[in-house]
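Please look over the chain shown below.

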Amino acid sequence: MKRLVIFDLDGTLLNTISDLGRACNHALSSMGFAIHPPESYPYMVGNGITRLIERALPAEYRDPYTLKVAREYFLDFYGRHCMDFTRPYPGIPELLETLTANGIKVAVASNKYQEAVTVLISRYFPSTVWTAVEGQRDPRPTKPCPDIVYDIMNMAAVESADVLYVGDSGVDMDTARNAGVEGVGVTWGFRPESELTEHGAEHIVHDAGGLLELIMRPGLD
């Protein structure tokens, strides 16, 4: 049985896509750019806020100044509206409770900026005892660079063989591989199962119950 489970946040623990899309569209419209339909945003997220905004902007306006201004609009709006529609995925609070009750450490590794990660985790999982809650913090690079996983492993005092990394995207599966830990792809998030498979997911699960069964499976290594 694994000693530490590291979770991605957006698309894995929380369904945040509506609030992310609304914040990005607010930034775009505030600057006079066309907005995107909600269904386009699951394919823009996953690499941090700056990369999301860059993808959303017209190609000819992805210069540093425009990105900076758009990011400011985004952060102002998202800071006030990040919990309007965001909710935990079904079974996730119960999953976390069961894991910690069984002595399994849990942590968050997200490309979302640290302040928002802290606020969302505090709001939606107030009773969970986290070993680490890590978001994007300069100068640490974003996932799929494995540095965030290494930092969490050091905090938890565990080896790579004792770690399970859970996420909903190719970025997450690449992160697990780069860190040398076992990767689990969840299909309830923002990206299709085919992406998880293409990026080397070692396990695929379809609901929180299936994830719990996998984590608690004797001999999982």
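How many disulfides does the count come to? The model is a predicted one, and the count comes to 0 disulfides. A disulfide needs two cysteine sulfur atoms within 2.5 Å. For Cys-82 the closest cysteine sulfur is that of Cys-24, and at 15 Å it is too far for a bond. Cys-82 is buried, with a relative accessibility of 6%, whereas Cys-145 is partly exposed at 22%.

The aromatic rings come next. The structure holds 5 aromatic pairs. One of them joins Phe-33 and Tyr-61: the ring centres are 5.0 Å apart and the planes meet at 55°, so this pair is tilted. Phe-33 belongs to the loop between α1 (17-30) and α2 (49-56), and Tyr-61 to the loop between α2 and α3 (64-81), so the pair ties together parts that lie 28 residues apart in sequence. The two partners fall into separate accessibility classes: Phe-33 counts as buried at 16% relative accessibility, while Tyr-61, with a relative accessible area of 38%, is partly exposed.

Tyr-89 and Trp-188 form another tilted pair, since their ring centres are 6.4 Å apart and their planes are at 45°. This pair links distant parts of the chain, 99 residues apart: Tyr-89 sits in the loop between β3 (87-88) and α4 (92-101), and Trp-188 in the loop between β7 (182-186) and α8 (193-198). Tyr-89 is buried, at 8% relative accessible area, and Trp-188 is buried as well, at 16%.

Elsewhere, ring pairs link Phe-74, Tyr-78 and Tyr-113 into a cluster. A charge is also placed over a ring: Arg-123 lies over the face of Tyr-124, 4.8 Å from the ring centre.

The last stop is helix α9, residues 208-216. Which of its residues are buried? They are Ala-208, Leu-211, Leu-214 and Ile-215. Viewed down the axis of α9, these buried residues fall within an arc of 120°, so they line one face of the helix. At the N-terminal end, α9 is capped by Asp-207, which has a side-chain oxygen 3.2 Å from the backbone nitrogen of Gly-209.

Conventions:
Residues are numbered from 1 along each chain as its sequence is written. This is a predicted model: local features need pLDDT of at least 70, side-chain atom pairs count only at pLDDT 80 or more; totals for chains, interfaces and linings use all residues. Side-chain values use heavy atoms; hydrogens and water are left out. Buried means under 20% relative accessible area, exposed over 50%, partly exposed in between (1.4 Å probe, protein chains only). Rings of Phe, Tyr and Trp (its six-membered ring) pair if their centres lie within 6.5 Å; planes under 30 degrees apart count as stacked, over 60 as edge-to-face and the rest as tilted. Helices (H or I, at least four residues) and strands (E, at least two) are DSSP runs, numbered from the N terminus. A charge sits over a ring if NZ of Lys or CZ of Arg is within 6 Å of the ring centre and within 35 degrees of the ring normal. The arc is that of the directions from the helix axis to the C-beta atoms. A polar contact is a pair of N or O atoms within 3.5 Å; within protein, one must be able to donate a hydrogen and the other to accept it, and residues adjacent in sequence count only if both atoms are side-chain atoms.
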